[in-house]
Amino acid sequence: MVLPCLNEAEALPWVLARIPDGWRALVVDNGSTDGSAEIARAHGATVVREERRGFGAACHAGLTAATADIVCFCDCDASLDPSLLVPFVREVRAGRADLVLGRRRPRGRSAWPLHARLGNLALARMLHRRTGLRLHDLGPLRAARRTPLLGLGLTDRRSGYPLQMVVRAADADWHVTEHDVPYLPRTGRSKVTGTWRGTWQAVRDMREVLAEPPRRGTHPNGARR
């Protein structure tokens, strides 16, 4: 379980308490100044330090540090329950999907601001035009096999990382599925969707990802295209 983290001390105990039994939590500290790393260790997580700032940098540091066959991603802000990933992993392990995404369903008005929803909708439409995939959300809750993920050659280290993962998976003919998950009001203010400026900067990063030409990648069965 890869958990990118930047100043999430308040939310971490809730998140880590919901890691399924037998799973390893990798909290990637992306420069926290609120003691997040120490709290994570106190709750049994392995802490990975990533000095380069950026959501993608933190996610990829966790991916490379992981050792399990299947890797999951989840935010550290208590907006998503990590235990929801259990059926995602079962689906990947059974071969019914190569990449499973959580479609966020907000619980309460404050869970997902209007500007963030509009930005997500615009990206989903652009993704469809680019890849043909009909997805509703590009949220952070997801599961896939580690080695094929590394084989996608992901290069974005900012807000475009989650989208680039989906785009390159589609280019490699991965079977991508999504399932509804409850989306709770986050603890603290979002570094991205907390403001209009942050949201549209993220959209700009993702537009650059969508402008990339189709790229060959590794399919989970080992084939390349």
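**View 1. Burial across the predicted protein chain.** Of the 225 residues of the protein chain, 56% count as buried, where buried means under 20% relative accessible area with a 1.4 Å probe and protein chains only. This is a predicted model, in which local features need pLDDT of at least 70 and side-chain atom pairs count only at pLDDT 80 or more, whereas totals for chains, interfaces and linings use all residues. Residues are numbered from 1 along each chain as its sequence is written, and side-chain values use heavy atoms, with hydrogens and water left out.

**View 2. The largest nonpolar core.** A nonpolar core is a set of buried Ala, Val, Leu, Ile, Met, Phe, Trp, Tyr and Cys residues joined through side-chain atoms within 4.5 Å; the largest one holds 37 residues, of which L99, L163 and W174 touch the most other members. Among the elements that each supply at least two residues are strand 5 (99-106), helix 5 (114-131) and helix 7 (161-171), helices (H or I, at least four residues) and strands (E, at least two) being DSSP runs numbered from the N terminus. Helix 7 gives the most to this core, with 7 residues.

**View 3. Surroundings of L99.** Leaving aside residues up to four places away in sequence, L99 touches residues including R142, M165, A169, W174 and V176, a contact meaning heavy atoms within 4.5 Å.

**View 4. Helix 7 and the residue beyond.** Because 11 of the 11 residues of helix 7 are buried, this helix is largely enclosed by the rest of the structure. The buried residues include Y161, Q164, R168 and D171, and just after helix 7, D173 takes a positive phi of about 65 degrees.

Terms used. Buried means under 20% relative accessible area, exposed over 50%, partly exposed in between (1.4 Å probe, protein chains only).
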